[in-house]
Amino acid sequence: MPSILPLAALLPDAVNRHLGWWLFGIILVAGVAVGLKDIARLNLHGLRRVRAISSVSFRESIRRRVLWITPLAILGVIVVSQLQRPLDEQDAVRQTIKFCLFATGLIVAVTTIILACTNLPREIENRVIYTVVTKPTTRLEIVLGKVLGFAKISLLILLIMGAFTWAYLGLRASAMQRDIAQRLQSGVVPASSVATLKYYQDAGLLSAKTLETADGLQMFARLPDGASPRRYFPGGGEGSFLVPFTVDPEQLRPSAGAEPGESGLLIQAYIGYVRTGAVTPPPASAEPASTAPATAPATAPATSNPTAAQATTAPTSKPYYGPFIMSPEERQKVMAGNRPAQRPTVSIEVDDANQNTIGQAVPIPPLKTIELGPPDTITEVRAIVDPKVAKQLKGRVYIRVIGQDPAANYFVDLAQTPAPANLLAPKLGEGGQALPPLAVPPLPDPSDESKPHPPSFQTRAGTFGQQLRGGPKDTPVGIYSFRDADIRAGSGGTVPFELKSGIERSGADERPDEAVDPTQVAVRVHNRTTGQTSDEIIVRPESNRTIFFTVPAEALSGGNFDVLLRCLTLGDFVGLQNRSLVLVTSRQSFAWNLTKSLLILWLMAILVTTVAIFTSTFLSWPIAVVLTLVILLGHWGVQQLGDATAPGVGAQVVTDFGLKNPAKAEAVRRTVENLSSFLNFISTILPDISKYPAVEDIERGVAVPMVKLRDAAAVTLGFGLPLVLLAYVFLKNKEVAP
């Protein structure tokens with residue numbers, strides 16, 4: 001018996017992608033068509049009847065003493081906030097904000113669901129609605145009146161909890177700031193916390209900041225010279241650079257009818273090195289010097305969109321043996337000079353879109369390592385990607401080149417042509433003869449699509465991000481790039497920054513006093529507009545804790561600047577991520593930020609009300625409560641499943657269960673695939689409650705952007721209006737009067 005295909009598979013792709021909007025339009029048109037007469041009666045007198053019904057629902061809810069839940073919530077928040085163990089005063093305020101808004105959202109959602117789901121079934125059961133429907137009142141006015149009435153109740157609860165939150169946080173913040181002032185005055189504050197506590201004292205604990213993140217983070221072995229195109233990264237497996245590619249499997253097909261990637265791939269990279277401590281100026285002309293076996297002729301520079309004809313060319317001066325085959329002369333030369341590697345080596349790997357390793361690229365036999373040439377010159381190296389790895393490549397992939405010699409700093413030349421790393425796919429002719437390989441185009445530069453994307457420089461990943469090794473000299477430097485930043489000087493003509501990093505220590509034998517000696521990080525700002533570099537600022541970060549420091553506003557003039565970070569403490573590693581350093585651009589009042597968060601919660605309460613009233617028009621109240629929760633949490637639940645609903649999960653389940661019977665395996669596979677498709681289909685027509693982020697921004701002290709209010713209003717309107725019309729249609733066709 002053939003299985004039933006999911007409904008989503010029967011719909012056109014254009015309809016399936018925008019299914020929610022299609023259903024919105026269909027329900028809107030159908031609801032207007034069915035209730036055109038009642039909609040026409042929704043005049044001034046009709047609006048008065050809606051208001052009267054809402055007032056009745058509001059007063060009835062008050063008589064049921066639903067507001068008694070707010071003192072219990074307030075008491076719970078006070079108790080929990082007193083039992084917390086914050087890292088500092090700012091963390092105590094943030095945790096209290098989270099408790100207050102979580103309790104507010106919880107009691108609003110629960111109260112609204114219970115009231116809205118039980119109201120209409122109870123009125124039908126008690127025959128109260130009989131009196132209403134015999135009046136000149138339409139079913140549409142009843143639905144609208146109840147939505148408005150319960151929206152008033154949720155608004156009242158939000159106002160009570162909002163007033164408590166504002167007052168309670170204000171009292172706690174004032175007490176904490178007085179304590180901060182006393183501690184600073186008495187001098188009992190650790191050196192690593194002085195700057196942060198002074199910032200809390202000046203800026204306050206209750207504020208709403210607008211933050212700007214850096215456009216990128218690069219980790220170099222030494223500061224780049226503005227006049228040089230060289231970029232250095234450390235060796236010893238500590239540093240690497242990545243070049244992004246967008247791979248189409250068809251590009252990897254060696255010939256017609258062959259499987260993509262079955263002949264493997266070839267990677268070309270152009271790398272140089274200098275010994276650690278050497279400061280040799282770059283030569284006037286950095287020509288590639290190849291010490292690796294020339295397994296393929298030099299290819300043309302990879303462009304952002306090369307055609308198959310111009311992607312790569314082969315010289316005609318000597319025979320072409322293919323990308324992975326040496327000529328007899330080359331093999332004899334390599335074998336005659338075969339010796340253990342004495343020069344610095346590199347390793348090359350292929351990473352997926354998340355920068356996780358898919359597989360290693362190996363040197364071309366008989367070589368065992370990828371060895372570089374003379375120092376201070378560019379060496380062309382080549383490596384082979386195994387077919388097993390090549391067959392997995394699709395979409396965004398990265399080529400990562402890692403420096404292995406701890407006594408060397410490696411470099412690439414950004415002005416070098418070809419690019420620092422290239423990906424070549426072998427091609428075969430109709431007779432099986434080797435053709436020049438196809439250069440897979442690298443990702444284009446976002447600022448100039450005619451150029452390849454510049455490489456990204458990273459260091460070894462640790463617990464808290466990329467590790468910035470500490471020491472007095474010859475240590476890596478992290479560079480955060482800010483472009484077109486909004487600079488607004490605060491008091492004293494300074495601009496504040498936030499830094500949240502992780503500290504990892506490995507040099508206990510070298511630092512016997514590490515328990516009292518905090519980690520030191522040097523911060524400097526290089527202004528790309530003026531070319532000036534600010535004086536060094538020493539900050540003392542603590543692991544996984546936000547610290548604040550200020551920079552003179554004139555150092556940031558123009559908004560185009562780089563923030564340079566270097567760890568000065570030997571044996572320490574500072575973990576950095578792209579969002580570890582942020583710029584504070586402006587501030588808002590906490591009261592306004594709290595108001596925006598409460599508005600988001602109110603929009604969510606209105607959506608909950610419409611869903612609850614819709615389900616209560618055709619179900620008993622216990623089942624209506626369950627269905628309301630399913631509708632509200634369905635989209636979120638499917639999102640949490642993640643890859644468990646992705647295409648191909650059926651085959652994975654069959655493999656995990658080890659099913660050997662072909663019939664049973666196929667039945668399980670098809671069932672799981674159909675179920676996952678059905679869940680994905682259902683999630684497209686259910687509301688996305690993640691569009692109501694009322695807590696995450698205000699908890700971090702960040703100003704809630706107006707775009708989040710807009711997104712929340714769009715979900716409330718997009719799902720609330722069709723459900724109101726459906727509730728009206730169901731109630732119109734429901735027998736509620738004798």
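A pocket is an open set of grid points with protein on both sides within 12 Å along at least five of seven lines, and its lining residues have an atom within 4 Å of a point. The exercises below apply to a predicted model.

**Exercise 1.** Describe the lining of the largest pocket.

*Solution.* Start with the space: the volume is about 1600 Å³. Next, the lining holds 49 residues, and Gln-218, His-453, Pro-454, Pro-455 and Ser-456 are those nearest the centre of the pocket. Then sort the lining by class: 24 residues are nonpolar, 15 polar and 10 charged. Finally, look at the strands: among those that supply at least two residues each are β4 (239–247), β15 (448–452) and β16 (456–459). The strand β2 gives the most, four residues.

**Exercise 2.** Determine how helix α7 (residues 89–126) runs relative to helix α9 (residues 139–186).

*Solution.* The two axes come within 10 Å and cross at roughly 165°. Angles over 145 degrees count as roughly antiparallel, so α7 is roughly antiparallel to α9. The contact of α7 with α9 comprises 19 nonpolar, seven polar and six charged residues. The crossing is right-handed.

**Exercise 3.** Find what α7 contributes to the cavities.

*Solution.* Two cavities reach 30 Å³ or more. The largest has a volume of about 40 Å³, and α7 provides the largest share of its lining, four residues. That lining includes Gln-90, Val-93, Arg-94 and Ile-97. The second largest cavity holds about 30 Å³; α5 (44–63) and α7 each supply at least two residues of its lining. By class, this second lining has two nonpolar, three polar and three charged residues.

Key. Residues are numbered from 1 along each chain as its sequence is written. This is a predicted model: local features need pLDDT of at least 70, side-chain atom pairs count only at pLDDT 80 or more; totals for chains, interfaces and linings use all residues. Side-chain values use heavy atoms; hydrogens and water are left out. Axes are lines fitted to C-alpha atoms, for helices over the stretch in contact, and angles run from 0 to 180 degrees between N-to-C directions. Angles under 35 degrees count as roughly parallel, over 145 as roughly antiparallel, 65 to 115 as roughly perpendicular and the rest as oblique. A crossing is left-handed if the near helix is turned anticlockwise from the far one by less than a right angle, and right-handed if clockwise. Ala, Val, Leu, Ile, Met, Phe, Trp, Tyr, Cys and Pro count as nonpolar, Asp, Glu, Lys and Arg as charged, and the others, Gly among them, as polar. On a 1 Å grid over the protein atoms alone, a cavity is a set of points where a 1.4 Å probe fits but cannot get out, and a pocket is an open set with protein on both sides within 12 Å along at least five of seven lines; lining residues have an atom within 4 Å of a point. Grid points are joined across faces, edges and corners, and a volume is the space filled by probe spheres set on the points.
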